[in-house]
Amino acid sequence: MKIKFSPIPLVILLFILLGYKELLPVLVLAPLAFVSYFFGTLFLMAVIGFLVYYKIGGALGVLIVALALIFIESAYLDREKAPREHYLILTVASLLAIPTYALIRGLSLFMPKFEVTAVAVLILLALYLFSRIVTSG
Amino acid sequence: MGEFYPTGKALQLLLALWIGVLIAFFTLRWDMIYLVLPILWLFFVAVAFFKPRLDVEIKRLLPHDRILEGETVEVKLTVKSNERIPSLKLVDDTPEGLEVIEGKNEFLLSLKKDEVKELSYKIGVRRGVHEFNWIYLSYQDPFGFFKRDKVIELYDELIGVPLIEDVITPYSTKGTKITAGPLPSPRIGEGVEFHAIREYQPGDPFKTINWKATAKMGKIMSNEYESERKVDVVIIVDAGYLGSRVMDHSVRAAASLMLDCLKNGTSFGLLLSESVPLWARVDYGKRHFFRCVDILSTAKPDKNNLIAYQVEHLIRTRFPANAQIIYISPLVSEESRKALEIIYHYGYKIIVISPDPYSAINPRTKEEELAVKILDIKRKAYLRRLSAYALIIDWDIRKPLRSAIAEVIKL
């Protein structure tokens with residue numbers, strides 16, 4: 001078990017969650033991400049579940065999910081002894097979700113309804129990517 | 001061959017994404033689906049920016065195609081990438097018979113566009129023909145979501161030739177075959193070996209005049225030469241699996257004796273008695289020597305119980321009359337002993353070089369030691385019986401072949 005940069009997003013996440021006591025129990029699952037990626041995804045699912053359940057959304061919700069994702073991916077990169085630039089790419093790619101959220105939020109002012117737009121766009125995107133992954137070769 | 005496919009890790013994250021979507025749906029908080037945006041972005045970046053074609057050029061460089069067994073060789077790989085590849089795993093197809101002794105034949109690289117990288121590892125060469133067939137490339141994007149494997153066919157051959165040592169010629173090179181001798185002679189048959197001095201006869205070439213003898217005798221004297229007559233040598237190597245422990249030694253002995261023939265100017269042939277026998281007809285010269293060495297390089301212990309039949313067949317069809325036979329065999333199988341008797345009955349002069357297979361064993365227990373002793377006594381009894389047919393050089397492989405020969409022919 002090799003640990004290098006992965007504790008950094010976890011510490012930031014811990015500081016943010018200190019303000020949301022109801023979310024703190026989810027951190028119990030966090031150390032499992034050091035063991036295997038599968039356990040890491042369980043932690044990520046739990047984070048999303050808690051956020052949805054306690055209705056903690058907005059840019060902060062997206063940031064929390066992004067940090068949880070960066071954490072589990074960093075744990076993987078630590079194990080693979082990846083170069084530093086891979087951590088940078090990971091961080092930038094995940095945090096791009098925040099301006100995207102801001103964009104969708106901005107668009108929703110002119111669109112019929114924010115939820116409908118978001119749901120439609122996300123489902124379409126997800127389905128597109130999924131089909132691309134499965135069929136590419 | 002090239003395939004781009006998602007890894008188990010990508011599927012796990014996709015599962016997390018869909019469960020996130022389902023949680024939002026089932027808790028009737030559809031708007032919160034945007035929480036999966038970071039995951040989508042990560043997938044998007046991986047697919048859009050890290051999907052290479054694996055467009056690389058690879059060259060493998062070996063210092064020579066023939067290397068003496070036991071030597072260390074550096075295998076160099078030159079990799080040129082025609083695109084940016086952040087994470088490339090490269091595995092060279094090192095043949096099984098070669099041992100990687102320094103570095104690894106697996107490399108993890110990060111290449112920029114048009115970047116050239118040189119990689120190397122060292123291998124210990126064993127006797128045999130070793131084939132490098134391919135190089136395996138595996139690309140994984142930085143996040144480990146997608147993988148692409150490619151096998152580039154890149155063929156190289158390395159022949160591990162047997163070690164050759166200096167040996168004493170264990171037989172007389174004089175025979176019936178007229179040759180030009182080891183030194184270049186302008187006229188075959190005229191000979192190069194000095195025989196006597198006699199009075200000059202009209203018609204003798206001027207170059208044969210011995211001026212010193214002329215001055216001493218007061219009349220013109222000339223040297224007389226005789227044609228060199230050489231023996232044909234046929235080397236038989238028993239590649240039966242019962243002698244697998246000393247197979248390398250048998251091969252080395254054969255190669256050393258062939259080099260000795262080359263130095264003596266005698267022509268030689270080779271029979272490598274595997275299940276399919278390999279026969280190199282009697283010939284002379286360096287080219288023939290290297291051809292025979294290549295044959296010996298391929299020798300491996302084989303389940304052959306036909307050596308007597310093979311020898312008898314070749315005696316009838318291929319072996320030159322009055323040839324000197326050098327039979328290299330541990331003489332542990334009934335067939336190999338029978339082959340010796342057959343050669344003898346056909347009237348050939350035979351020298352047997354018999355590497356002792358039991359001298360290669362280091363017994364670990366007293367029982368093993370006793371077993372080896374019994375087997376050794378049994379073999380020695382066979383050798384004593386067979387010494388009626390041939391001069392047998394019983395070779396303890398812990399000693400050099402040269403001293404084993406010297407002990408027997410009393411040099």
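Leu29(A), Leu32(A), Val35(A), Phe38(A), Phe39(A) and Leu42(A) form a nonpolar patch on the surface of this predicted model, with about 450 Å² of accessible area together. Patch members have over 30% relative accessible area and no salt bridge, and nonpolar side chains are joined within 5 Å. Helices α2 (32-35) and α3 (37-53) of chain A each supply at least two residues of the patch, and α3(A) gives the most, with 3 residues. Leu42(A) lies in α3 of chain A and counts as partly exposed because its relative accessibility is 33%; buried means under 20%, exposed over 50%, and partly exposed in between (1.4 Å probe, protein chains only).

The largest nonpolar core has 96 residues, of which Phe43(A), Leu44(A), Phe43(B), Leu90(B) and Phe145(B) touch the most other members. Such a core is a set of buried Ala, Val, Leu, Ile, Met, Phe, Trp, Tyr and Cys residues joined through side-chain atoms within 4.5 Å. Its largest share, 12 residues, comes from helix α4 (residues 58-79) of chain A. A second, separate core of 39 residues includes Val246(B), Ala254(B), Ala255(B) and Ile351(B).

Leaving aside neighbours within four places in sequence, Leu44(A) is in contact (heavy atoms within 4.5 Å) with residues of both chains, among them Leu69(A), Ile72(A), Leu13(B) and Ile39(B).

Ser250(B) is found in helix α4 (residues 247-264) of chain B and is buried, at 1% relative accessible area.

Helices here are DSSP runs (H or I, at least four residues), numbered from the N terminus. Residues are numbered from 1 along each chain as its sequence is written, and chains are lettered from A in the order in which they are written. Local features need pLDDT of at least 70, side-chain atom pairs count only at pLDDT 80 or more, totals for chains, interfaces and linings use all residues, and side-chain values use heavy atoms, without hydrogens and water.

Note on methods:
Patch = residues over 30% accessible without salt bridge, like charges linked within 9 Å, V, L, I, M, F, W, Y side chains within 5 Å. Areas by Shrake-Rupley, 256 points an atom, 1.4 Å probe, with all protein chains shown as cover. Salt bridge = Lys/Arg side-chain N within 4 Å of Asp/Glu carboxyl O.
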